Amino acid sequence: MRLLIYTNHLGKRTANATAITIMTSDLARFLKSKGQDVLVVGNRNLIEEDIEFDYVYIGGGDILRAYKLASIIKEFQPDIIYAFMRPQSLVLALSTIIKKFDACYVGSVHNTDNYIKYSKALYLPYRIFIKHLFERLDYIACPSGAVVEELRKTYFIKEEKLYVVNNFIDYERIDKLSQENVEVPDEYIVSVGRLEEQKNYKSLLRVFYKVHREFPKLWLVIVGEGSQRAELETLSHQLGITHRVLFVGYQQNPWKYIKRAKIFVLTSWYEAGPQVMLEAMYLRVPVVSYSIPSVVEQSDGGRCALLVPAYEEESMAEALIKVLKGEVNLAELSEDAYKRALEFSTENFVNKILGRCYGKPPYNILSDIPRYHKGSPTEKQVKKRSLWDS
């Protein structure tokens with residue numbers, strides 16, 4: 001099988017760090033380890049770690065990128081093209097206007113703020129234009145049902161074009177890196193993410209102010225970097241909690257901070273499918289979060305995390321205090337969370353993509369995958385070669 005992955009870039013440090021850059025590298029490495037042909041195409045020549053797969057970048061605006069991408073697809077002849085995030089998915093859709101080759105075109109959207117941005121009547125022509133572009137793709141993968149519904153509401157996309165493909169996590173890497181030594185306070189709660197408006201860290205600081213009054217020796221560790229850092233540091237000073245709030249900046253290994261925390265806290269305004277929450281669940285660290293749609297879905301309706309009404313800071317503070325006082329069965333919660341996290345494997349992610357593209361899921365990535373091109377084995381031949389999962 002040949003897979004072309006289209007992403008923004010592979011940068012991971014400071015402001016360049018996103019869950020998508022990590023997922024792109026993890027996916028490419030996983031497929032290479034299974035003997036598949038992989039090519040990663042990016043918008044920028046930004047690579048900040050050693051990679052074991054081929055990477056090319058395409059500069060310019062969207063139209064020029066679409067032409068370049070179509071040329072690369074023609075030369076590489078992939079069976080499946082997977083675009084990470086909405087901007088890249090739209091460029092992939094534009095490339096089909098130039099030429100759509102004999103491959104499965106899959107886009108993806110990883111945010112849930114489209115309707116917030118484009119709900120006004122003046123944006124209606126744009127929304128209809130995006131609908132027609134997206135529907136040029138074979139499928140659009142979404143990390144949660146919340147994203148599916150949001151796309152249908154915003155862009156009126158046909159239901160058969162949308163399907164849920166949950167994010168994945170690299171268990172082996174997390175196991176290894178979470179064991180690294182790190183100097184941290186004796187008792188702390190942790191949050192991980194970019195210091196941007198979406199993550200709602202101002203709310204977290206106000207919540208911690210309330211919790212700190214009950215637990216004066218407790219620390220808050222915030223892992224991440226972004227444009228709001230100075231503003232957040234000022235707020236912590238105004239609240240009188242500077243001496244108990246630790247901003248450690250962007251870390252290539254956030255898992256060593258999560259592993260040793262008493263609680264992982266999520267206060268985001270919105271999330272498509274919070275990757276770091278899954279990682280905390282896998283590390284058996286109790287998760288306390290605002291009850292936003294993707295979190296409810298990812299935590300199996302709240303069975304694997306302690307959820308509080310969205311944006312109610314008093315309720316969030318009360319929930320954290322309850323956990324810290326031992327009034328929650330953490331052993332049961334953590335075990336349920338760990339088992340739930342095991343469902344989000346790289347292999348499951350790939351199998352969902354393959355299954356949808358090849359028309360009869362699920363495929364087994366551990367076996368040879370037939371080519372998507374014309375002249376591929378018939379379904380009868382495929383079954384004979386035992387390529388289906390039992």
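Is Cys142 buried or exposed? Cys142 is buried, because its relative accessibility is 0%; here buried means under 20% relative accessible area, exposed means over 50%, and partly exposed lies in between, with a 1.4 Å probe and protein chains only. Before we go on, please keep in mind that this is a predicted model, in which local features need pLDDT of at least 70 and side-chain atom pairs count only at pLDDT 80 or more, while totals for chains, interfaces and linings use all residues. Residues are numbered from 1 along each chain as its sequence is written, and side-chain values use heavy atoms, leaving out hydrogens and water.

Let us stay with the cysteines. The sulfur of Cys142 has its closest cysteine sulfur in Cys357, at 14 Å, which is too far for a bond. The structure does hold 1 disulfide, a term that stands for a pair of cysteine sulfur atoms within 2.5 Å. This disulfide joins Cys104 to Cys357, with 2.3 Å from S to S. Cys104 belongs to strand S5 (residues 104-108) and Cys357 to helix H15 (residues 346-358), so the bond ties together parts that are 253 residues apart in sequence. Helices (H or I, at least four residues) and strands (E, at least two) are DSSP runs, numbered from the N terminus. The torsion about the S-S bond is about -80°, so the disulfide is left-handed. Cys104 is buried at 0% relative accessibility, and Cys357 is buried at 7%. Cys304 is buried too, with a relative accessible area of 1%.

Now turn to the sheet. It is an open one, built from 6 strands with parallel pairing, in the order S10-S9-S8-S11-S12-S13; two strands pair if DSSP finds at least two bridges between them. At its edges are strand S10 (245-249) and strand S13 (306-308), each pairing on one side only. Neighbouring strands are turned by 20° against each other on average, direction ignored. Axes are lines fitted to C-alpha atoms, for helices over the stretch in contact, and angles run from 0 to 180 degrees between N-to-C directions.

Within this sheet, S8 (residues 188-192) and S9 (residues 219-223) share 5 bridges in the parallel sense, and Ile189 stands opposite Leu220 in S9. Helix H8 (residues 201-214) lies across S8, S9, S10, S11 and S12, running at about 170° to S9.

Finally, look at Gln88 in helix H3 (residues 86-98). Gln88 is buried, at 5% relative accessibility. Neighbours within four places in sequence aside, Gln88 is in contact (heavy atoms within 4.5 Å) with Tyr6, Thr7, Asn8, Asn43 and Ala83.
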